[in-house]
Amino acid sequence: PSDLITDFTHRLEYDGIEADTNRVLKDLVPVENEVRSRAGQWFMMRLRPYRTVEDRIDGTVMTFVDITARRKAEAAQSRSEQQLRALVQASSQVLYRMSPAWDMMHELSGGGFLSDTDDPDQSWLTRYIPEEDQAQVRAEIEAANAAKRSFDLEHRVRRLDGTVGWTHSRAIPV
C-alpha cells in the first residue's frame with residue numbers, strides 16, 4: 001500500500017524504534033520508553049496500536065512528551081543525595097530519615113556509632129533506645145511534631161557494639 005512509511009528519520013539516540021513498532025503491531029501491547037535526542041533533550045516515547053473505526057489495527061501511533069525538565073531535576077536530586085551521603089560518611093555524624101509520624105525509620109547511616117540500615121524499620125525505638133529512655137524520647141518526638149518544630153534531645157542509645165552511649169539527636173522536618 002502507498003500509505004506505508006518506508007523511511008523514518010529522527011534525531012534520537014535510540015535505534016529501537018523499528019523493532020518496537022513491529023512488536024506493537026505483532027503483540028498489540030503499547031510500548032513506552034524514555035529516549036534522548038542528540039541535542040540532549042529527553043522524551044517519553046509511547047507507541048500504541050492504531051485502531052480504525054471498524055476496530056481493525058491499521059498501524060501505530062507514536063507520541064513524544066518532553067521530559068527534559070524532569071530528568072534534569074532527577075539528576076540534580078541524585079547529585080545532591082550523593083553529596084549529602086559523602087558529607088555524612090566523611091563526618092562522625094549519624095544521619096537518619098524518618099516518616100513524618102516517626103513510626104518508620106527509612107534509613108540510617110550510623111557513622112560507626114550505630115548500625116546502618118537501608119531497610120524500613122518500625123522497631124527502631126526498641127532497637128536503638130534503651131527501654132527506660134523510650135518514654136522520654138517518644139514524648140519529645142510527640143511534642144516536636146505537635147509544635148511542628150525540630151526534635152532536639154540529648155539521650156542514650158544502643159551503640160553498634162551493644163553498649164549504651166550518649167548522643168545529641170536533632171531532627172529537622174523536611
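Predicted model: local features only at pLDDT ≥ 70, side-chain atom pairs only at ≥ 80, totals over all residues.
Helix H1 runs over residues 17-27. Its buried residues are Ile17, Asp20, Thr21 and Val24. These residues span an arc of only 100° around the axis, so they lie on the same side of H1. A general rule fits here. An α-helix has 3.6 residues a turn, so residues three or four places apart point the same way.

What covers this buried side? The cover of the buried residues includes three strands: S1 (31-36), S2 (42-51) and S3 (57-66). The face of H1 turned away from the buried side looks otherwise. That face carries the exposed residues Glu18 and Lys26.

## Two positive phi angles

Most residues other than glycine have a negative phi. Leu28 is not a glycine, yet its phi is positive, at about 60°. Where is Leu28 found? Leu28 sits in the loop between H1 and S1, just after H1. Leu28 is partly exposed, with a relative accessible area of 37%.

Trp102 also is not a glycine, and its phi is positive, at about 65°. Trp102 belongs to the loop between S4 and strand S5 (105-109). Is Trp102 buried or exposed? Trp102 is buried: its relative accessible area is 14%, and the cut-off for buried is under 20%.

## A nonpolar patch on the surface

Which residues form the nonpolar patch on the surface? They are Leu84, Leu87 and Leu95. Together they have about 260 Å² of accessible area.

Take Leu95 as one member of the patch. Leu95 is part of strand S4, which covers residues 95-98. Leu95 is partly exposed, and its relative accessible area is 32%.

## A buried histidine

His155 lies in strand S6, residues 151-158. Its relative accessible area is 4%, so His155 counts as buried.

Which residues does His155 touch? Leaving out residues up to four places away in sequence, His155 touches Ile129, Val137, Gly165, Trp166, Thr167 and Ser169. With Ser169 there is also a polar contact between the side chains. That contact joins His155 and Ser169 at 2.7 Å.

Conventions: Residues numbered from 1 in each chain as written. Heavy atoms only, no water. Buried < 20%, exposed > 50% of the residue type's maximum accessible area, 1.4 Å probe, protein only. Helix = DSSP H or I, 4+ residues; strand = E, 2+ residues; numbered from the N terminus. Arc of directions from axis to C-beta. Contact = heavy atoms within 4.5 Å. Patch = residues over 30% accessible without salt bridge, like charges linked within 9 Å, V, L, I, M, F, W, Y side chains within 5 Å. Areas by Shrake-Rupley, 256 points an atom, 1.4 Å probe, with all protein chains shown as cover. Salt bridge = Lys/Arg side-chain N within 4 Å of Asp/Glu carboxyl O. Polar contact = N/O pair within 3.5 Å; in protein donor to acceptor, adjacent residues only side chain to side chain.
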